[in-house]
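Here are a few friendly notes on the aromatic side chains, meant to be read with the model open beside you.

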Amino acid sequence: YKIQDAIDNSSSGDTLHIWARTYSENVEVDESITIIGNGTGNTTLNATSSGKGFDITSDDVTIKNIKIEGCGNTDTYNGIQANGDDAIIENVRVSKCHKGISVGGSGVWIGNSTVTNNYDYGINVFTGDSSTTAVIVYNNVVSWNTKGGIRSVEDDTVIKSNLIHNNSEGSGIYFEDADDSVIEDNIIKH
């Protein structure tokens, strides 16, 4: 059983409940669907050091309750690559990927997740094709990432109520040309 097979056989608006086990694959999400795992301690996507864990190319995608690991340390081998707009990434755990979560879509919500032990930034928000609604990074633990905790080069990013600690080379939060962004109620430690 593969997550990709379930996605390929789904229709827009479907909800996929993913069984508790380890899946070794790279997954492209090209439908507006909801993917719900059986918890970050039970459902694991192992990207086998060969690419992105979840590559979200469609709008209105939700991914919840899944651990993503082992993408590898090659540029673009990110745990979650969210290029679609209005994605919800909730209660995921991402580790051992180039970037934990990388966002180019507009209106993406990243919440209540743990992004740790990645080779570059934990969470990276870059300027995508559309920039109409703020990306919100809320109530996450972002720690032990090599390059830094959270990086944004996109306007209107909201980074609120996160615990950001022990990220090696760089900063806890790094902004570059990210006008009108909000940083509020975060705890940052080295």
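1. The count comes to two aromatic pairs, taking rings of Phe, Tyr and Trp (its six-membered ring) as paired if their centres lie within 6.5 Å. Planes under 30 degrees apart count as stacked, over 60 as edge-to-face and the rest as tilted. In Y1 and Y23 the ring centres are 6.0 Å apart and the planes meet at 65°, so this pair is edge-to-face.

2. Where do Y1 and Y23 lie? Y1 is in the segment before helix 1 (3–8) and Y23 is in strand 2 (residues 22–24), so their pairing ties together parts 22 residues apart in sequence. Helices (H or I, at least four residues) and strands (E, at least two) are DSSP runs, numbered from the N terminus.

3. Y1 is exposed, at 52% relative accessible area, whereas Y23 is buried, at 2%. Buried means under 20%, exposed over 50% and partly exposed in between (1.4 Å probe, protein chains only).

4. W109 and Y138 make a tilted pair, with 5.5 Å centre to centre and 35° between the planes. W109 belongs to strand 13 (residues 109–111) and Y138 to strand 16 (residues 136–138), so this contact links parts 29 residues apart in sequence. W109 is partly exposed at 26%, and Y138 is partly exposed at 29%.

5. Y23 also has a charge over its ring: the charged end of R21 sits 4.8 Å from the ring centre. The rule asks for NZ of Lys or CZ of Arg within 6 Å of the ring centre and within 35 degrees of the ring normal.

6. Please keep in mind that this is a predicted model, where local features need pLDDT of at least 70 and side-chain atom pairs count only at pLDDT 80 or more, while totals for chains, interfaces and linings use all residues. Residues are numbered from 1 along each chain as its sequence is written, and side-chain values use heavy atoms, leaving out hydrogens and water.
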